[in-house]
Each structure stands twice: as C-alpha cells, then as structure tokens.
Amino acid sequence: MPGTAPAPRRRGGRVRMTGKQRREQLLEIGRTVFAERGYDGTSVEEIAERAGVSKPVVYEHFGGKEGLYAVVVDREMQLLLDMVTGALTGGHSRELLEQAAFALMDYIDTSTDGFRILVRDSPVAQSTGTFASLISDIATQVEDILGLEFKSRGFDARLAPMYSQMLVGMVALTGQWWLEVRKPDKATVAAHLVNLAWHGLEGLERHPRLVGDRRA
C-alpha cells in the first residue's frame with residue numbers, strides 16, 4: 001500500500017518476521033504436523049525445518065514440543081467451544097440440539113486438522129487439553145437445556161449432567177467416524193443424530209430398569 005514501509009529482509013531475500021509473526025507461523029506449522037503425525041511422531045527438528053529456522057527458535061517461543069502442542073490444543077478447544085456455544089441461539093429444545101450437533105459437524109468439516117489433533121490422546125499430564133475434557137466442557141453447555149427439558153417432562157433434573165455427557169459423546173464419536181468417510185453430508189449426519197437423540201428422549205422412561213438379570 002502507498003506509504004507503507006517495506007518489511008525488512010534478511011540476506012537471501014527472506015522476509016524477517018516479528019516475534020508475534022514467527023510464533024503464529026510456528027503454531028500453524030505445528031498444527032499441521034501434529035495432525036499429520038500425532039504428538040509422538042512430531043519432532044521439533046521437523047517443525048523448525050518447515051519454518052526455516054533453527055531448533056532454538058522453537059524452544060524460545062514455546063519451551064519445546066510439549067509447550068507448542070499445548071497452545072495448539074487450547075486454541076482448537078476454544079474454537080470448537082465458541083462454535084458450539086455460539087450456535088445455541090435459542091428456540092425449541094430440539095432446535096437447540098440440532099444447532100449443537102451441526103456446529104460440531106461444521107467444526108470437523110472446516111477445521112479437520114484441529115479435530116484430528118483433539119481426538120488423539122494428549123501426552124500432557126493434566127486433566128485439561130484432552131478430548132475427554134473437551135467433551136465435558138461442551139456437555140456443560142447443553143446441560144441447562146436438558147435440565148429444563150427434564151423438568152418440563154417431570155423427570156429428575158439432577159440427571160441432566162449425565163444425559164448431556166451421553167448426547168455430546170454420541171455426537172463426538174459419530175464425528176470421528178464421519179471424519180474419514182465424509183458421507184453423507186454433514187447436515188444429513190446432524191439430522192440423523194438428532195433423530196436418534198430426540199426420539200430417544202421423546203420415549204424416555206421416567207425410572208428405567210435393566211430387563212436382564214444384572215447386579216448393581
């Protein structure tokens with residue numbers, strides 16, 4: 001643009017990045033490599049090579065592979081949570097369920113690398129940053145919806161947290177399957193997910209019991 005100073009260049013014609021730009025570049029490259037190879041199959045050497053920098057640059061920004069991975073996972077989790085919660089715009093309970101299911105399918109479709117990373121086991125020794133914790137976070141968002149639905153039908157609203165885990169887990173595992181096959185289209189998959197979940201809720205027994213001979 002007129003009046004804009006050209007970016008400084010290093011010898012050899014390469015554009016010199018600011019610290020923020022370099023960090024973003026390393027995050028994008030790391031995200032791609034983690035999706036392709038998984039955590040264990042990814043090395044700092046490969047990330048540095050793809051970025052055209054030395055290994056110490058990666059360590060300077062993230063402290064190592066684990067630190068880079070943690071930031072990538074945190075960003076993807078936040079993106080997915082934002083998409084799901086942002087999709088819950090109100091309406092009938094079934095419509096809210098449709099919004100949540102489609103938001104997850106939409107995330108898988110538009111952020112495939114990110115979802116591949118999230119569904120892998122996290123090597124970080126913590127309770128956050130894992131697919132299980134992500135499912136729990138999303139389930140919390142739909143817990144209130146189920147609680148209201150249970151109250152309106154005379155069911156025990158204290159069971160809503162458990163049912164929200166069941167519903168979100170069903171959608172997430174279906175998403176993992178769809179990630180590879182991509183058929184049918186995401187809207188159709190979301191419709192069938194809601195069909196199973198909603199009509200299951202429609203005929204829900206107030207006090208379900210196992211029909212076989214089982215001990216608690």
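How many residues apart are Arg50 and Glu46 in helix H2? I looked this up in what is a predicted model. They are four residues apart in H2 (residues 44-51), so about one helical turn separates them. I then checked the contact: Arg50 and Glu46 form a salt bridge, with the closest N and O atoms 2.8 Å apart. Arg50 is partly exposed at 38% relative accessibility, while Glu46 is buried at 16%.

Next I turned to the other salt bridges. My search of the whole structure gave twelve. One of them joins the side chains of Glu76 and Arg31 at 2.6 Å, N to O. This pair links distant parts of the chain, with Glu76 in helix H4 (residues 65-87) and Arg31 in helix H1 (residues 19-41), 45 residues apart. I found Glu76 buried at 6% relative accessibility and Arg31 buried at 17%.

I also noted Lys186 with Asp106, a salt bridge whose closest N and O atoms are 2.5 Å apart. Lys186 sits in helix H9 (residues 186-202) and Asp106 in helix H5 (residues 93-110), so the pair ties together parts 80 residues apart in sequence. Lys186 is buried at 18%; Asp106 is partly exposed at 22%. Back at my opening pair, salt bridges with shared partners join Glu36, Arg37, Glu46 and Arg50 into one network.

Last, I looked at helix H8 (residues 160-181), where Met162 has its place. H8 has 22 residues and reaches 32 Å from its first C-alpha to its last, close to the 32 Å expected. Met162 is partly exposed at 42%, and Leu159, Met162 and Met166 make a nonpolar surface patch of about 270 Å². Buried residues in H8 include Tyr163, Leu167 and Trp178. Just after H8, I saw that Arg182 takes a positive phi of about 60°.

Notes. Residues are numbered from 1 along each chain as its sequence is written. This is a predicted model: local features need pLDDT of at least 70, side-chain atom pairs count only at pLDDT 80 or more; totals for chains, interfaces and linings use all residues. Side-chain values use heavy atoms; hydrogens and water are left out. Patches are made of residues with over 30% relative accessible area and no salt bridge: like charges are joined within 9 Å, nonpolar side chains (Val, Leu, Ile, Met, Phe, Trp, Tyr) within 5 Å. Accessible areas come from the Shrake-Rupley method with a 1.4 Å probe; for residues, only the protein chains shown count as cover. A salt bridge is a side-chain nitrogen of Lys or Arg within 4 Å of a carboxyl oxygen of Asp or Glu. Helices (H or I, at least four residues) and strands (E, at least two) are DSSP runs, numbered from the N terminus. Buried means under 20% relative accessible area, exposed over 50%, partly exposed in between (1.4 Å probe, protein chains only). The expected span of a helix is 1.5 Å times one less than its number of residues.
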